[in-house]
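The following note sets out points for a colleague who is examining this entry. Please read each point with the structure in view.

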There are 2 protein chains.
Amino acid sequence: MVRQAALSRESVPTPDNTDPLAESGVCEGEAAAMMRAMPAKSVDLVFADPPYNLQLEGELTRPNHTRVDGVDDAWDQFDSLEAYDRFTRSWLQAARHVLKDDGTLWVIGSYHNIFRVGAILQDLGFWLLNDIVWNKTNPMPNFRGRRFANAHETLIWAAKSKGARHTFNHHSMKALNDDLQMRSDWEIPVCGGSERIKDAHGNKAHPTQKPEALLHRVILASTQPGDMVLDPFAGTGTTPAVAKRLRRRWLAIENDPDYAALTRERVHHVQPVKDTRLVEAQARRRQPRVPFGWLVERGLIEPGTILHGGAKGQHQAKVRADGNIVTTDATGSIHKIGAHVQGAPSCNGWQFWHIEQDDKLIPIDVLRQRVRAEMEG
Amino acid sequence: MVRQAALSRESVPTPDNTDPLAESGVCEGEAAAMMRAMPAKSVDLVFADPPYNLQLEGELTRPNHTRVDGVDDAWDQFDSLEAYDRFTRSWLQAARHVLKDDGTLWVIGSYHNIFRVGAILQDLGFWLLNDIVWNKTNPMPNFRGRRFANAHETLIWAAKSKGARHTFNHHSMKALNDDLQMRSDWEIPVCGGSERIKDAHGNKAHPTQKPEALLHRVILASTQPGDMVLDPFAGTGTTPAVAKRLRRRWLAIENDPDYAALTRERVHHVQPVKDTRLVEAQARRRQPRVPFGWLVERGLIEPGTILHGGAKGQHQAKVRADGNIVTTDATGSIHKIGAHVQGAPSCNGWQFWHIEQDDKLIPIDVLRQRVRAEMEG
DNA sequence: AAGCTGCGTGAATCATCTC
DNA sequence: TGAGATGATTCACGCAGCT
């Protein structure tokens, strides 16, 4: 019974050890109650991924009629906003109890809950250090075209009180970001592939497992090796796994015994790195994509401007406010209309279309380069 | 009549116009009071860039949030948060009063105030549609290296209540983003250069002037031409300027007479896009409904014609004179039978079914377009 | 072998009109 | 007002299976 062995080793550190904080482990129980039972001011970092209170009703299907597997678990259901606020205030107060005076707290959420969390944090006296945006590189699209694709989640990073000291490993963050100062917007893929923990049937074990890359950055930024990291909603144990790998002590609280068991097994297989610098990912830098519409938004091209197509400007089209362009018989993107007027299967609109400036025809790609230069800073 | 007096130059285009909503203009006064004095349910869009915290000294004049140095040790945090909440609840309630039932509201803020704004929005019954992240391409760096560089601001987009309808120009947003659906994270530079309004001394006239690109996307996404756009904290008039250019009506409220004057002057020089079609959403929804039976009535499809279903024409059905179609085991509308033969819960029959013409399969939607073209002319 | 294609899926507050 | 009909709507990425 590999699992049993792993279970006991990780969860009950040593028989003679009566202080649960001396070693890492998983505690089964409700977050607020467990934290209240812990010694005060004993934790350097709290990372919390609480229920979001999504309030999903009915079901949603993709255009191909497949069903979206929404988060409808009982633990995400609350009777009202007030009930969610009570729950939130309760566990945040308990987190405040276990947090050292110079410790910090992270909470992740979406627009469903994060405003309530942030306001209650301020009400309780926490001091907000940053709000961080996790931009997902591969989010689920909006299938009905009724809103913007919900492509990010928000993290709040807070110190225990105004004026409190806090740990921020500025140079580690710079190193992690090609020697550029780390910004408040992080581009990280959602958790999938082999990193995603599966159950016995091969389905995802937990509906909201967070990527290790996210926790890597959080823990590396705001703790030192040996610090105590607490996750009161541990789920399948991403926080413990990364904490162990980065040589931090850790405590996990999880109400669901199945999740708790998965965490113990997962952490058991994690090897702490010998040198944390070796696992610091290099941020990829791609040439940023610049849609044509952005030139219109930014006033580099006015709506109504005439674009001239081809080397001699044989073709013409007019720019709409939304970035589409219009000829006598068609409307569409610079690429589509470029192909259309040439009778070609495809076309790179950036090189095909030109604007007139000082009696010369200039490819619109020149304007794109200007936007990219701005984006570089 | 304070309001009448406040309306001037830009705001009263014709002397005999006594209805401020009939035309655009700037009203000088306090946001909540002015909105309460306006007719109920008269505005399609509210865009608000409120002060971060009205009660905190210096806050307004310092957009880089550098007040952590203990300048304001004296103020009592709890009282100030409460005062800010009262202020926020007051103007949001007033905004709710002027907003049409199918109108929407945008608020922009930073982590200092946005959580309070979002929570109060939910408390007042607004229904959050998205939170949008404005990622600044050229943010101010964090000089002390104690936190992450604060490189974004947050916008909340909300409908008036749960279940309320709202405008979202999905196709315009797609067009603006190279035919990919628009995400909740927007990359736009901060306002600078020639766009930045300067005062008589050549200094920036307003500390937190927003870029026109931001408003371009907001207004294009969530209004139609001719809609009424209200900005209760207009500052130097970015919202009015973009609204006018995009052929929306607009109302600006601004407490500071100097800012109000700058707005009037700025808007005076804005030229609306000449061709109205360039600023319209590509509203497929507005196209007249054409029942399939009309194609039969008009002789575009003969009774008895065979329809071929799917890209390869795997499925077949025969057209009846009444516009229903028939397979071996069922009769019904193009949609119902399309769903039936695929075993799908629903189906868009216009795109699913094809007719044979010159050895090619043509979607029947092409015939519908022909009918619509006839109806136009 | 390397490359191509098709399929599955991710914290989702995801309709509107007519009768 | 409620029920029923109409018909609009998806992006990135990993992986399995195939050429």
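**Notes on the predicted model**

1. The model is predicted. In the hairpin formed by S13(B) and S14(B), 2 residues lie between the strands, and B:Asp358 takes a positive phi near 55°. The two strands, S13(B) and S14 (residues 360–363) of chain B, are antiparallel and share 4 bridges. Within this pairing, B:Glu356 has B:Leu361 in S14(B) as its bridge partner.

2. S13 (residues 353–357) of chain B also pairs with S9 (residues 306–309) of chain B, in the antiparallel sense and over 2 bridges. Here B:Trp353 in S13(B) stands opposite B:Gly309.

3. Chain B holds an open sheet of 8 strands with mixed pairing, in the order S1-S8-S7-S2-S3-S5-S4-S6. Its edge strands are S1 (25–28) and S6 (185–188), each of which pairs on one side only. On average, neighbouring strands of this sheet are turned by 20° against each other, direction ignored.

4. Within chain B, S2 (residues 43–48) and S3 (residues 99–109) run parallel and are joined by 5 bridges. B:Leu99 in S3(B) stands opposite B:Val43.

5. Helix H6 (residues 212–222) lies across S2, S3, S4, S5 and S6 of chain B, at about 140° to S6(B). Helix H8 (residues 257–268) lies across S1 and S8 of chain B, running at about 175° to S1(B).

6. In chain A, A:Thr167 occupies the loop between strand S5 (152–159) and helix H5 (170–175). A:Thr167 counts as partly exposed because its relative accessibility is 23%. Leaving aside residues up to four places away in sequence, A:Thr167 touches A:Trp157, A:Ala221, A:Ser222, A:Thr223 and A:Gln224.

Note on methods:
Residues numbered from 1 in each chain as written. Chains lettered and ligands numbered in written order. Predicted model: local features only at pLDDT ≥ 70, side-chain atom pairs only at ≥ 80, totals over all residues. Heavy atoms only, no water. Pairing = 2+ DSSP bridges. Buried < 20%, exposed > 50% of the residue type's maximum accessible area, 1.4 Å probe, protein only. Contact = heavy atoms within 4.5 Å. Axes fitted to C-alpha atoms, helices over the stretch in contact; angles between N-to-C directions.
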